[in-house]
Amino acid sequence: MNILQLLPDTLKKIAVVPLDKKYNSVRSNCFRVGSPALVLTATNELQIKETVKFVAYLNKIENRKIPFSVRSGGHGMMMTSVNNGGIILDISQYNHVTIEDSDKGTVRIQAGAVWGDVAQVLSPYQLAISSGDFGDTGVGGLSIFGGIGLMVRKQGLTIDHIIGARLITGTGSALWVDKEHYPDIFWGIRGGGQIGIVTEFLFEAFKIPTNSRGLQTPVVSQEVMYKVKDICCFIKKWQDWVNNSTVKLTSNLMINKNSDKYCRVNAHNLWCEQKSREATDILDKSKLLGPIEEEKTQELSYAKLVKAPHIPHTGQDKMYIKNGLVHNLSEDIISSIVHLLNSSEIMSIEIRSVGGKLNQKSNSFNAWSHRNVKWFIAIWGSVDNDKKINKLVNPLLNKLDGVYGGYSSDISSEENKKVWSPTTLIRLKKLQLKTDPQGIFTCRR
């Protein structure tokens, strides 16, 4: 089968095949090298719709399901945005950001944009959207799974700020969905993963008032490097410090075990407002949690904090990540974390404070099932050790309340049962049959 001969004219000019010079720059994402038969680099909605119809046509004449991936920013830890032997629809050039009403904070964002670039557009209007902690993360991938951002405790999940979206179904139809138009689909695209291709989102951004010096979207960022011997005691003290702070504070830890029997703990604490006496008092208390090797506190624009480096994707991060969500870091859970740090297969363990405004929505508000949690734990290792990591980590994860699907390399059906509640999972499967009756979206959670 000559796939290029079968392409409609609308797609031939955006087709990239293995012999093309451009192929190596579009075949992979950040975590995986792909070997697709074809990459289509869409720049408009017509090309996206025609791609979907073309994949459906190929499935029919081949009498099989062609692997079909959709890639926006290319930073997805699930690695489903690339494949081997199939088709990748790359929408990274479909990336316009439009301020519709700066007073109301309404912003229209195409799914191929990356969050660092979005922040640059929003910042002059004193607007922001909490959207992860890395600027190269794509709008599309993050916005269908959740978005545990640097301001999650004060502003909730990224998906909680979506007020409308444009969806291309598995039949190539375009729908506008919001609380009045296809409300069931609108519910599902916010946290339910890929039940179609969301090409653009309408967000309601929030204001970050400027300070007297005129700094746009001011926040206070603190980075602390601790050298800790008793990591159990440190985590307990850190949890108490966060719990006794306001939701204006979000704190994330990255813990690494060193050969000298100490742990290096890199803490990033973000105060989600301009500098104040309250901010200084709370951030100063972080210096009492353990022995400090380095510390840096600065007030800066949120847009500068999450600026996109635009790193080419070559499958360079050979990582495998598992995670879990929990209401409380109990002694049992902390002990399990410390036990994992002593395993040679585990490179790092990440703990994030969540909760706050995330907890203020009901479990039925959208398709994100775990509204009671306050802590997020991620375990990092090499992709070559995926099976060993699963075996090591599952005893801990079985004690937790759920999994954040957009941050897990495990896309098994067993993992999906932890991402969504049974009721939500049943509802999502019904929606998938409605929006993708032929099942052309084969590469998804």
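Guide: Contact here means heavy atoms within 4.5 Å. Helices (H or I, at least four residues) and strands (E, at least two) are DSSP runs, numbered from the N terminus. The model is predicted, so local features need pLDDT of at least 70 and side-chain atom pairs count only at pLDDT 80 or more, while totals for chains, interfaces and linings use all residues. Residues are numbered from 1 along each chain as its sequence is written, and side-chain values use heavy atoms, with hydrogens and water left out.

The part selected is helix α5, residues 115–122. Its buried residues (under 20% relative accessible area; exposed is over 50%, partly exposed in between; 1.4 Å probe, protein chains only) are W115, G116, V118, A119 and L122. These residues lie on the same side of α5, because they cover an arc of only 155° around the axis, the arc being that of the directions from the helix axis to the C-beta atoms. The cover over them includes the strands β5 (97–101), β6 (106–110), β7 (127–128) and β10 (197–204), together with the helices α6 (139–143) and α11 (302–305).

Two of these covering strands, β6 and β10, are also joined by a salt bridge, that is, a side-chain nitrogen of Lys or Arg within 4 Å of a carboxyl oxygen of Asp or Glu. E200 pairs with R108, and their closest N and O atoms are 2.9 Å apart. Because E200 belongs to strand β10 and R108 to strand β6, the pair ties together parts that are 92 residues apart in sequence. E200 counts as buried, at 13% relative accessibility, whereas R108, at 21%, counts as partly exposed.

Another of them joins D160 and R371, with 2.7 Å from N to O. That pair links positions 211 residues apart: D160 is in the loop between α7 (152–155) and β8 (162–168), and R371 in the loop between β17 (346–353) and β18 (375–382). Both D160 and R371 are buried. K287 and D284 form a further salt bridge, with the closest N and O atoms 3.3 Å apart. Here K287 is partly exposed at 35% relative accessible area, and D284 is likewise partly exposed at 35%. Elsewhere, salt bridges that share partners join K154, K248, E273 and E278 into one network.
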